[in-house]
Amino acid sequence: MIRILKESDRAVALEFLDREHESNLIMIFDIQHYGIENRGQLFQGDYYGAYLDDELAGVACLYNFGSMFLYCPVGELRRELTAHIAERGGKPR
């Protein structure tokens with residue numbers, strides 16, 4: 001299952017991203033300082049969570065300034081997550 005993350009998912013997302021802290025510094029910083037919900041600001045975006053067996057297994061963010069960051073150790077789920085974002089047709093600000 002893939003869905004957009006909400007503020008109620010913040011702690012779980014940060015714990016998940018912290019598993020490879022150095023690789024996820026930008027997403028961690030932005031969640032801590034700007035929040036996980038997109039309020040349309042430049043340094044915010046839509047955070048997507050990919051789940052396996054009801055456990056968070058991947059996070060991606062399509063930022064409003066045009067970049068996308070992804071942390072998803074499971075290869076098959078990574079492809080599903082990127083395809084979901086591409087199909088959704090979300091465009092950065």
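Buried means under 20% relative accessible area, exposed over 50%, and partly exposed in between, with a 1.4 Å probe and protein chains only. By that cut-off, eight of the nine residues of strand S3 are buried, so S3 is largely enclosed by the rest of the structure.

## Basis of the model

This is a predicted model: local features need pLDDT of at least 70, side-chain atom pairs count only at pLDDT 80 or more, and totals for chains, interfaces and linings use all residues. Residues are numbered from 1 along each chain as its sequence is written, and side-chain values use heavy atoms, with hydrogens and water left out.

Helices (H or I, at least four residues) and strands (E, at least two) are DSSP runs, numbered from the N terminus.

Two strands pair if DSSP finds at least two bridges between them. S2 and S3 pair in the antiparallel sense over eight bridges. Leu52 has Glu55 of S3 as its bridge partner. The two strands form a hairpin with two residues between them. Asp53, in that turn, has a positive phi of about 50°.

S3 also pairs with S4, again in the antiparallel sense, over four bridges. Here Cys61 is bridged to Phe69 of S4. This hairpin has four residues between its strands, and Gly66 in the turn has a positive phi of about 110°.

## Helices H1 and H2

Two packed helices are described by the angle between their axes and the distance between the axes. The axes of H1 (residues 10-17) and H2 (residues 25-34) come within 10 Å and cross at roughly 155°. Axes are lines fitted to C-alpha atoms, for helices over the stretch in contact; angles run from 0 to 180 degrees between N-to-C directions. H1 and H2 are therefore roughly antiparallel to each other (over 145 degrees).

Contact means heavy atoms within 4.5 Å. H1 contributes Arg10, Leu14 and Leu17 to the contact; H2 contributes Met27, Ile28, Ile31 and Gln32. By class, that makes five nonpolar, one polar and one charged residues.

## Around H2

Met27, Ile28, Asp30 and Ile31 are the buried residues of H2. They pack against H1, S2 (45-52), S3 (55-63) and S4 (68-71). Just after H2, Gly35 takes a positive phi of about 95°.

Asn24 sits in the loop between H1 and H2. At 2% relative accessibility, Asn24 counts as buried. Asn24 touches Leu17 and Tyr71, not counting residues up to four places away in sequence.

Technical notes:
Angles under 35 degrees count as roughly parallel, over 145 as roughly antiparallel, 65 to 115 as roughly perpendicular and the rest as oblique. Ala, Val, Leu, Ile, Met, Phe, Trp, Tyr, Cys and Pro count as nonpolar, Asp, Glu, Lys and Arg as charged, and the others, Gly among them, as polar.
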